[in-house]
Amino acid sequence: MSHTDLCDVDATSSGVSLETTITNLPDAVMSDIFQYLYWKEKILAVEAFPAWNRILDSSLGWKHFENDRDYADSFDALKSTNYLSEEITCIAQYGQFFTHAVIWLDDILHLINLAEETDFALLGALETHSFRLKSLVIYHQPNFYTATLTEWVVPYIQLLQKMFRFSPSLQLSLRRLLLYTEEAGDQLLHFYHTHNLLQKVACLDFCYGLRMATSVRPINYLVYCTSLRVLRCPIEYLDTQILQQLVEFSLQELYVINDEFTLRLNYVEKSTIEWHALQLIPGRNLKAGFHTGLNQILVHYVFRKTSVDMCPNPYARSLVFDNIRSSISRALLRSVADTYGDKLEHIAFMHTIYNPPVPFSDLEDLPTTIQYMASRLECVHTVLLNLFIPKDALITLARHAPALKTLLVYEHKIMFDRHAVNTVEETEELKSIISEALGYSWKPMKEDDNFYKLSGYKQRLLFQNYFRVFNGFL
């Protein structure tokens with residue numbers, strides 16, 4: 001029997017071969033499939049194929065739970081008039097199998113000392129039923145700020161404390177924390193510190209919402225984050241001393257935001273953070289580089305809606321231009337190449353809010369500029385282009401970036417002769433050229449494809465969903 005035949009049949013004890021179908025796949029394969037499904041999709045799948053209940057009612061089906069209601073709202077079959085009740089029912093029935101959970105606190109406005117009335121009840125359900133939990137990620141509502149923290153001690157902080165008493169090694173991630181002023185950062189971290197939680201946080205993200213800082217002021221309470229592995233924050237909240245302390249603890253990845261607030265404060269990275277002065281510590285080689293597999297700190301820059309001032313950094317790995325308002329110039333692209341060319345592994349240019357049809361200036365010599373940049377991006381293997389780009393520039397990028405493996409761009413944003421209305425023949429020819437350059441069958445993304453979900457890529461820390469943030473304030 002050929003190898004292909006062996007893949008297409010299952011041998012039974014009677015010697016009869018049965019064709020493999022979706023209903024009799026091995027449990028290990030079904031488990032992998034279930035990990036890609038939203039929690040309600042799993043339940044609907046079992047309703048369609050009851051035999052799959054053996055997967056649903058075991059740890060094979062529930063390594064991960066997430067209550068992302070924005071995703072549910074995208075499909076009629078998943079929408080609900082009472083998300084909270086359904087989610088709590090799911091946790092009560094299957095929470096014993098969860099090892100990782102992501103909780104979106106979207107409704108905490110109606111708090112009257114009763115956690116059951118708000119999304120804090122989800123934390124209560126996890127604390128009661130999910131005794132195998134290894135990691136917990138909490139996405140906070142934009143109105144979650146320091147002024148009302150004292151109201152949330154019982155339904156929020158005490159539940160987390162109970163979880164840590166039962167599972168001291170629980171990995172806690174706090175995402176979408178809102179800071180209005182420079183004092184709010186210290187107040188917020190002080191709040192977690194006084195309740196013995198700050199030193200347990202593995203991932204901290206406080207880059208959302210409106211910030212009204214009036215001066216550059218590092219957040220000194222960060223030095224109490226002794227378990228912190230991932231930090232995402234405005235770059236003006238850091239200095240060399242804080243970073244050195246975090247590196248000596250356990251910091252592995254740093255996402256720094258440069259935006260209009262950074263510009264308004266006249267913040268200068270070169271005079272505040274001495275990247276080359278970070279000291280090596282026993283057992284960790286920060287200068288070893290990404291490919292050695294040794295411990296190090298990886299720095300990811302996000303430039304958002306503002307001018308770009310680049311600072312040499314031996315630990316830079318990602319560079320994201322997210323909603324840049326001005327045109328992308330020749331000088332900027334050459335600066336990227338000259339400053340980070342031998343270090344970057346990911347680079348992304350994301351569309352502006354106003355989405356101008358031609359985000360690049362100097363279009364006449366853009367392919368030449370792209371060639372200069374691409375040839376110097378020695379380690380870049382992923383490029384994301386969520387903007388309009390000329391066909392010739394795209395081809396040049398594919399041909400001259402030596403390590404490029406993943407090139408993502410929307411088909412309707414590829415410009416042929418200064419327009420983005422492409423014929424089938426033009427698109428097929430482009431696909432053939434880029435496929436040859438990259439060494440595999442390449443194709444552009446369709447308009448409905450989700451640009452922000454990439455395997456192994458922390459897109460939620462690199463890219464901000466503006467619509468989600470704005471809706472939280474309404």
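Searching the whole structure turns up 2 cavities of 30 Å³ or more. A cavity here is a set of points, on a 1 Å grid over the protein atoms alone, where a 1.4 Å probe fits but cannot get out. The largest cavity has a volume of about 60 Å³, a volume being the space filled by probe spheres set on the points, with grid points joined across faces, edges and corners.

Keep in mind that this is a predicted model: local features need pLDDT of at least 70 and side-chain atom pairs count only at pLDDT 80 or more, while totals for chains, interfaces and linings use all residues. Residues are numbered from 1 along each chain as its sequence is written, and side-chain values use heavy atoms, leaving out hydrogens and water.

## Who lines the largest cavity

Ile347, Phe349, Phe360, Ile370, Met373, Val383, Leu385, Ile389 and Leu397 line the largest cavity; lining residues have an atom within 4 Å of a point. Two or more lining residues come from each of β12 (346-350), α14 (366-376) and β13 (382-386). Those labels are DSSP runs numbered from the N terminus: helices are H or I with at least four residues, and strands are E with at least two.

By class, the lining has 9 nonpolar, no polar and no charged residues. Nonpolar covers Ala, Val, Leu, Ile, Met, Phe, Trp, Tyr, Cys and Pro; charged covers Asp, Glu, Lys and Arg; the others, Gly among them, are polar.

## α14 and its partner α13

Helix α14 also packs with helix α13 (residues 330-340): their axes come within 8 Å and cross at roughly 15°. That makes α13 roughly parallel to α14, a label for angles under 35 degrees. Axes are lines fitted to C-alpha atoms, for helices over the stretch in contact, and angles run from 0 to 180 degrees between N-to-C directions. The crossing of these two is left-handed, so the near helix is turned anticlockwise from the far one by less than a right angle.

On the α13 side, the meeting residues are Arg330, Leu333, Arg334, Val336, Ala337 and Asp338, and α14 brings Leu366, Thr369, Ile370, Tyr372, Met373 and Arg376. Contact means heavy atoms within 4.5 Å. This one has 7 nonpolar, 1 polar and 4 charged residues.

Now for the loop between α14 and β13, where Glu378 lies. Glu378 and Leu344 are 34 residues apart in sequence, yet 7.9 Å apart in space, C-alpha to C-alpha. Setting aside residues up to four places away in sequence, Glu378 touches Gly341, Asp342, Pro402 and Ala403.

Helix α15 (residues 391-400) packs with helix α16 (residues 424-438) at an angle of about 20°, their axes 8 Å apart, and α15 passes α16 in a left-handed crossing. Lys391, Leu394, Ile395, Ala398 and Arg399 in α15 meet Leu430, Ile433, Ile434, Ala437 and Leu438 in α16. That contact divides into 8 nonpolar, no polar and 2 charged residues.

Helix α6 (residues 83-94) and helix α7 (residues 120-129) pack at about 10°, with axes 9 Å apart, and are therefore roughly parallel to each other.

Key:
On a 1 Å grid over the protein atoms alone, a cavity is a set of points where a 1.4 Å probe fits but cannot get out, and a pocket is an open set with protein on both sides within 12 Å along at least five of seven lines; lining residues have an atom within 4 Å of a point. Angles under 35 degrees count as roughly parallel, over 145 as roughly antiparallel, 65 to 115 as roughly perpendicular and the rest as oblique.
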